[in-house]
Amino acid sequence: MATVSTARPLDRPSAVPIADHLLPLLLTPIVLLVHGYHPFAGDAGIYTAGVRHILDPALYPRNAVFVTAFTHRSVFPWMIAGLVRLTHLPLVWILLALHLVSIWLFLTAADNLASRLFSNPSARASATLLAAACCTLPVAGTALVLMDPYVTARSFSTPLSLLAVGAVLDRDWTRVLLFLALTLAIHPLMGVYTAAFVLILALIASGRTRRALAFCVTAFLLAGTAFALAHGGAIDPAYRQAVSLAPHSFLFLARWRWYEALGLFLPLALFALALRRHGPRTVAGAPCLTSIVLGTTAVLIAACFVPPAGPYPLVPFQVLRSFHLIYCIGVVLCGGVLATLT
């Protein structure tokens, strides 16, 4: 039976250079074939329209604010437009190339994190294989999957977030700051949740769990304050109608189906079981406790301060999307543990 060293102390990281891993490169075309590629589906259609508007501002003369919604807060569409201008290649080919790169980068980041969590090569390979198999795994009821079958800002913010977590386990704060800065620049909202996870993980890994809990309590109180201040204020009827549409049910925990809510609590329970086995001061236990603390805080904020009836000050933050990174880490951990069952 294979063994994994998930219980080794945090002050002895097992770092493996990313260049040493060939499995992500071999799996990239397989992921493309298995999970498919839909370059203009879902959010990708708006991203692509925004890039086209950057390349040709004369496009979409009416309601251009809709197609440029993703271009004001992220450098990602501007980077794509820059690649088109630099290479003189059609946008569709640039998108395909970026999609392949994002798959490789995600699998590389998963393999990189697995190399910190597991000393056994088969466990690391199992973690990477499970990450490849779960690319389109839904994240509870958040309307997100681990990796979209098209190019969006999340295609690159996700692997950068995993690399930031791996850097925390290495205690390489320069790389942590670099990956966080890139994540925030590419996808500010997901970057904020990555920063929260990284901060909590760093505090727990250094034995300052009470400070991590205090940070979460502070976040909960701030959310409550924002909700209280918004009470009694006027709500734009058009905005209320928009967030109340059936396709936007993911915005409110109260409108989730029971099995979608189970997607929040079951992962936290599994993390709790792993934490009980390994302890919070181990290389596997610290991410488990971090996931429990951050996930519980997000659920409490969503349940208490994001009601369907309003007010809606926290709706744009979609706090339950913090589970996206929690799911990614959970898949890597589960993949490594599965190697012990063979």
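## Starting at a pocket

The second largest pocket has a volume of about 620 Å³. Keep in mind as you look around that this is a predicted model. To get to the middle of that pocket, select P267, L270, G330, V331 and C334, which lie nearest its centre among the 26 residues lining it. Now colour α12 (258-278) and α14: each supplies at least two residues of the lining. Which helix gives the most to this lining? That's α12, with twelve residues. Colour by class and you'll find 20 nonpolar, four polar and two charged residues around the second largest pocket.

## On to the largest pocket

Next, head for the largest pocket, with about 1100 Å³ of space. Pick A69, F70, R73, P316 and Q318, the closest to its centre of the 27 residues that line it. Then show α2 (43-55), α3 (64-67), α9 and α11 (237-243), each of which supplies at least two lining residues. The lining of the largest pocket divides into 19 nonpolar, four polar and four charged residues.

Time to look at the cavities: a search of the whole structure turns up three of 30 Å³ or more. The largest cavity holds about 110 Å³ of space. Select F250, L251, Q318, V319 and L320 to find it; they lie nearest its centre, out of 13 lining residues. Its lining has ten nonpolar, two polar and one charged residues.

Three helices, α7 (154-170), α9 and α14 (323-338), each supply at least two residues here. By class, this lining splits into four nonpolar, six polar and one charged.

## Last stop: a helix pair

Finally, show α9 (residues 188-205) and α10 (residues 209-230), whose axes come within 7 Å and cross at roughly 155 degrees. Are they roughly parallel or roughly antiparallel? An angle over 145 degrees counts as roughly antiparallel, so that is how α9 and α10 run relative to each other. Their crossing is left-handed. For the contact itself, select A196, L199, I200, L203 and I204 in α9, then T209, R211, A212, F215 and C216 in α10, which they meet. The contact has eight nonpolar, one polar and one charged residues.

How values were computed
Residues numbered from 1 in each chain as written. Predicted model: local features only at pLDDT ≥ 70, side-chain atom pairs only at ≥ 80, totals over all residues. Heavy atoms only, no water. Axes fitted to C-alpha atoms, helices over the stretch in contact; angles between N-to-C directions. Helix = DSSP H or I, 4+ residues; strand = E, 2+ residues; numbered from the N terminus. Parallel < 35°, antiparallel > 145°, perpendicular 65-115°, else oblique. Left-handed = near helix turned anticlockwise from the far one by under 90°. Contact = heavy atoms within 4.5 Å. Nonpolar A, V, L, I, M, F, W, Y, C, P; charged D, E, K, R; others polar. 1 Å grid on protein atoms, 1.4 Å probe; cavity = no way out; pocket = protein on both sides within 12 Å on 5 of 7 lines; lining within 4 Å. Points joined across faces, edges and corners; volume = space filled by probe spheres on them.
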